[in-house]
Amino acid sequence: MEKHLNLTLQVWRQKDATSEGTFVEYAAKHISTEMSFLEMLDVVNEDLIHKGEDPIAFDHDCREGICGMCSMVINGRPHGPKERTTTCQLHMRSFSDGDTITIEPWRAKPFPVLKDLIVDRGAFDRIIAAGGFVSVPTGSPQDANALPIPKLNADLAMDAAACIGCGACVAACPNASAMLFLSAKVSHLGLLPQGQPERYSRVRDMVGQMDAEAFGTCTNHGECEAACPKGITLETIARMNRDYIKASLTYRPEAVGGAAG
Amino acid sequence: MELISRTPDGPIEKSWDKHRFDLKLVNPSNKRKYKILVVGSGLAGAAAAATLAELGYEVECFAYQDSPRRAHSIAAQGGINAAKNYQNDGDSIFRLFYDTVKGGDFRAREANVYRLAQVSVNIIDQCVAQGVPFAREYGGLLDNRSFGGAQVSRTFYARGQTGQQLLLGAYQALERQIGLGKVKMFNRHEMQELIVVDGVAKGIIVRDMVSGKVTSHTADAVCLATGGYGNVFYLSTNAKGCNATAVWRAYKKGAAFANPCYTQIHPTCIPVTGDHQSKLTLMSESLRNDGRIWVPKKKEDCGKPANQIPEEDRDYYLERKYPSFGNLAPRDVSSRAAKQVCDEGRGVGPTRLGVYLDFSDAIKRLGAKKIEEKYGNLFEMYERITDENPYEVPMRIFPASHYTMGGLWVDYNLMSTIPGLFVLGEANFSDHGANRLGASALMQGLADGYFVIPYTIGGYLAGIKPGTRISAEDPAVKAAEQSVAERTQRLISIGGKQTPTHFHRELGKVMWEHCGMGRTEAGLKKALEIIPQIREQFWKDVCVPGSGQELNQSLEMAGRVADFIEIGELMCRDALERRESCGGHFREEWQTEEGEARRDDENFCHVAAWEYKGEGNTPQRHIESLKFENVHLATRSYK
Amino acid sequence: MSVAEQSIAGAGDRSPGFMASSVGRKVVMALTGVVLWGFVTVHMLGNLTSYMGAEAMNHYAEFLHTMIHGMGIWVFRTVLLVAVLMHIWAALSLTLSNQAARPVGYREKQNQAATWSSRTMRWTGVILGIFIVFHLLHLTLGTVHPDFIKGNAYHNFVTGFQVPWVAAFYIVAQLCLGLHMWHGVWSFTQSLGWAHPRYNALRRNFATGLTVLVVGVNISYPIAVLTGIIH
């Protein structure tokens with residue numbers, strides 16, 4: 001049943017990347033329990049614009065839990081209190097009348113705040129660019145069914161490929177580590193035959209890029225897994241560790257061949 | 001303006017091969033001397049940017065999101081069609097072609113659709129090689145399902161996240177090229193203007209959405225892959241940021257806009273709950289395979305809980321009206337039927353704008369466990385949003401704006417009426433006619449990006465001398481930059497009382513009412529009176545706080561809304577002129593006695609492409625006649 | 001270049017080398033950890049001789065000092081020292097990286113999965129470091145022992161634990177060891193990549209079982225001395 005709530009928000013406001021930020025308190029009045037969390041912020045923002053104030057900037061796009069754009073820590077939890085739910089699908093019925101809600105951006109050195117709750121997650125793209133792909137130029141492949149893949153492997157690969165790249169794992173990790181994100185891609189491609197030729201160079205290159213971005217390291221707390229809206233498991237991290245160890249033990253610099261004729 | 005389709009002659013099976021051979025090639029060592037801009041990074045944009053870079057062109061790619069991986073292609077749930085005939089059930093390229101032409105209600109160009117069906121096969125090969133984890137059978141081979149009423153199983157899928165997985169495949173290919181330095185990626189950049197010199201596209205002006213800096217990028221060709229304009233309705237299944245600014249700028253610079261009135265309303269979305277609603281969530285069409293759609297027979301029952309309405313008082317209206325297709329009737333037909341029963345006052349839910357999608361029979365027949373296996377994740381999503389358990393009470397659904405078949409007019413090479421400006425994916429008008437079939441959008445986006453543009457753009461570039469692109473100091477560039485700066489300044493300085501969203505909502509209401517599922521001459525005329533008033537109010541009373549030199553989401557929104565208002569007007573104009581019903585365009589004056597769409601092939605078997613004639617002037621309607629030589633014009637029937 | 005523009009990743013070998021990488025340092029931590037909990041387990045088992053009386057324990061101590069012509073104990077000591085130093089190096093290095101990765105903290109942070117054990121690793125580690133130094137001075141070198149007799153391990157053991165605050169310190173240190181081991185023993189399997197749904201419960205149970213055993217028996221020693229069971 002629809003109810004209405006009056007809430008107090010404590011929101012991180014920061015003008016731009018170089019300014020100091022601070023928490024600012026806002027009242028959110030007469031909020032319907034049918035609203036999504038972002039719709040609640042829309043209402044607050046409309047009100048701010050009417051008052052001639054700067055609305056709260058936050059990332060959002062698809063609002064159906066798949067694009068991975070929305071990113072805020074709500075009462076100390078990335079994407080808020082509901083498990084396996086992104087902020088955009090979190091509804092206000094998860095809150096009670098009179099609640100104070102603290103809203104902060106993702107906090108990590110490689111995710112600098114651009115404004116208010118918006119951070120720059122370009123580091124994730126650079127990690128993928130370092131090796132998170134199969135090198136297959138358009139037009140070269142064989143027939144799709146020429147390569148049978150056990151259903152279980154395809155399913156496990158899909159479990160890992162479900163990652164939406166939102167960064168909640170980094171935000172939740174007490175060490176701001178990006179290993180769940182990275183290992184999801186390493187697992188996705190490493191579980192499939194298509195990913196085998198580059199399996200070991202991929203993991204070395206991606207871990208190298210992750211370290212260069214200055215993410216923290218994994219100490220196996222499991223916070224990432226608990227925060228992941230798509231249910232990516234710690235097993236993917238173990239799989240990545242395994243591949244990385246093997247890759248490092250057997251690494252040799254690329255063979256230099258003579259030029260052909 | 002002349003619409004030259006450049007469709008090859010001869011037998012349709014050979015036309016694409018022949019055309020590819022006829023296209024001139026660019027010398028491999030010259031390719032790096034050409035620069036191509038790709039605007040948008042969804043299936044079409046990412047696929048094109050990656051493939052063009054692989055070929056050796058210098059590519060720059062632009063996205064308004066913070067990463068190319070977030071483009072709204074990612075939200076597509078159902079699947080992607082391909083004429084592989086892996087299931088041995090009689091599918092073929094010709095059958096996919098036939099189904100698509102018929103599904104589009106005979107308003108698409110035959111040659112384009114045939115090519116789409118041909119390359120559909122290559123798309124699946126390409127995606128599998130990239131590591132897209134499509135669903136598989138126990139034997140390790142690819143699984144297929146029948147989708148959207150097709151009589152063969154030709155849809156490939158990756159759980160309910162096919163769009164996501166295909167996009168990640170294209171995104172990874174794109175990131176690989178970025179890593180190699182072949183593509184320069186501009187995230188959080190929004191195209192604001194097209195640079196046209198002597199009638200030829202030569203670059204774009206973009207705004208860096210973080211710093212507010214406006215910069216120009218000149219090139220030898222520009223590809224727009226910026227998606228559709230479904231957000232003109234305010235509420236739609238599109239992402240909040242989806243916008244039509246890029247195509248609208250191109251339109252105003254001389255690119256014809258084709259069939260703007262062809263919009264698809266998807267029948268199975270979660271109903272609106274109140275004025276605060278910001279978007280609508282799609283529930284996969286696959287639910288209609290087991291769910292039964294009904295409303296109460298009597299108005300006075302509508303407020304009662306569903307389980308207190310006895311079987312004999314329920315109206316399973318799709319089963320009643322379309323006995324052979326029943327609950328699986330095509331999207332346009334099902335959507336209209338839902339609107340009809342709600343118009344009669346028999347809608348359900350708090351707003352009375354909803355119909356039941358009931359699984360109780362399926363649960364009785366197959367057991368709750370089986371239903372959970374099939375639809376568990378969708379049921380979970382429904383419950384997350386509505387707080388109702390669909391195992392116990394029927395789901396409530398209502399149609400919502402989903403896809404736009406109209407878009408910038410393109411020839412067989414995907415080039416618009418502005419030479420050098422190519423348009424890909426949902427942003428163009430080419431393949432779906434008046435109605436798109438399920439699982440065909442992903443196919444078209446990837447076909448355009450991976451397998452069409454890489455050839456056709458070469459044919460265009462081969463005719464241009466390398467190294468002839470204009471400099472950033474060119475007066476045309478400066479003028480375009482100037483106009484962007486002025487527009488921004490104008491928006492900021494109005495200082496009115498209403499938010500951009502307010503106007504967007506107003507526009508959406510008018511469009512939904514008069515240019516939605518049912519359209520009438522009177523309604524469209526009324527809309528054409530109201531929309532200019534909304535526009536006038538907007539430019540008088542919109543309030544955009546902050547400045548242009550910073551991250552300013554209100555400013556972004558205001559710019560997009562301003563363009564939506566104008567597009568809405570053009571849609572109504574097009575809908576008014578098209579005096580027939582076809583596919584997603586239903587003119588209530590043109591229906592059969594049973595209330596079905598009635599086409600007028602004599603007068604409207606053509607594409608209508610609109611040419612901009614300047615501020616304050618009525619745009620001009622041009623016609624490209626459609627010929628059906630391989631599929632014969634027939635009335636769609638789903639009885 | 002604006003922040004939104006994606007820079008081009010460097011070509012060539014991006015990896016910083018195994019020991020410098022985040023995963024490599026975790027592996028060092030895990031492998032040295034195995035040496036350490038392996039040692040702790042053997043140490044605990046060896047001390048069970050105390051329940052068998054003075055002769056058994058002294059005999060056992062003598063064996064340790066004389067095996068392989070007296071070389072054995074030095075091999076053990078060297079391996080242990082290297083393991084401890086590398087464990088500390090890995091811990092320090094990872095901690096510094098992790099602290100640098102989040103310069104601005106959260107005002108509010110609710111942990112969902114992290115345990116008290118996993119979150120206190122660095123503190124229990126420091127306490128264990130101090131304890132090891134004390135333990136060496138106490139029962140190996142005897143410098144802080146009130147009545148140390150070289151060569152009479154049993155005597156040193158009993159008289160050492162008869163001092164209540166010493167016994168208390170040992171018990172506290174063993175509880176820290178328990179916290180440290182419970183996360184560490186499970187964690188090493190994860191860091192080395194030994195995760196599989198079939199064995200996940202086993203990994204957890206092994207860590208719990210070993211921890212309870214080692215800590216339980218170790219704590220029994222000072223208690224047995226104080227209660228006079230060992231005298």
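Because the model is predicted, local features need pLDDT of at least 70 and side-chain atom pairs count only at pLDDT 80 or more, while totals for chains, interfaces and linings use all residues. Residues are numbered from 1 along each chain as its sequence is written, and chains are lettered from A and ligands numbered from 1 in the order in which they are written.

Let me begin with helix α11 of chain B, residues 441-461, which has a kink of about 55° at Val452(B), shortly before the proline Pro454(B). The bend at a residue is the angle between axes fitted to the seven residues ending there and the seven starting there, and helices are DSSP runs of H or I with at least four residues, strands being runs of E with at least two, both numbered from the N terminus. This helix is largely enclosed by the rest of the structure, because 18 of the 21 residues of α11(B) are buried; a residue is buried if 20 or more other C-beta atoms, placed from the backbone, lie within 10 Å of its own, exposed if 12 or fewer, and partly exposed in between.

Turning to the interface, the contact takes 63 residues from chain B and 67 residues from chain A, where two residues are in contact if their C-beta atoms, placed from the backbone, lie within 7 Å. On the side of chain B that touches chain A, the elements giving two or more residues include α5 (162-179), α10 (368-386) and α11 of chain B, and α5(B) gives the most, with nine residues.

Next, the cores, each a set of buried Ala, Val, Leu, Ile, Met, Phe, Trp, Tyr and Cys residues joined through C-beta atoms within 7 Å. The largest has 319 residues, of which Cys223(B) and Leu408(B) touch the most other members, and its largest share, 13 residues, comes from α15(B). A second, separate core of eight residues includes Met57(C) and Phe157(C).

As for chain C, there are eight helices and zero strands, and 31% of its 231 residues count as buried.

Most residues other than glycine have a negative phi.
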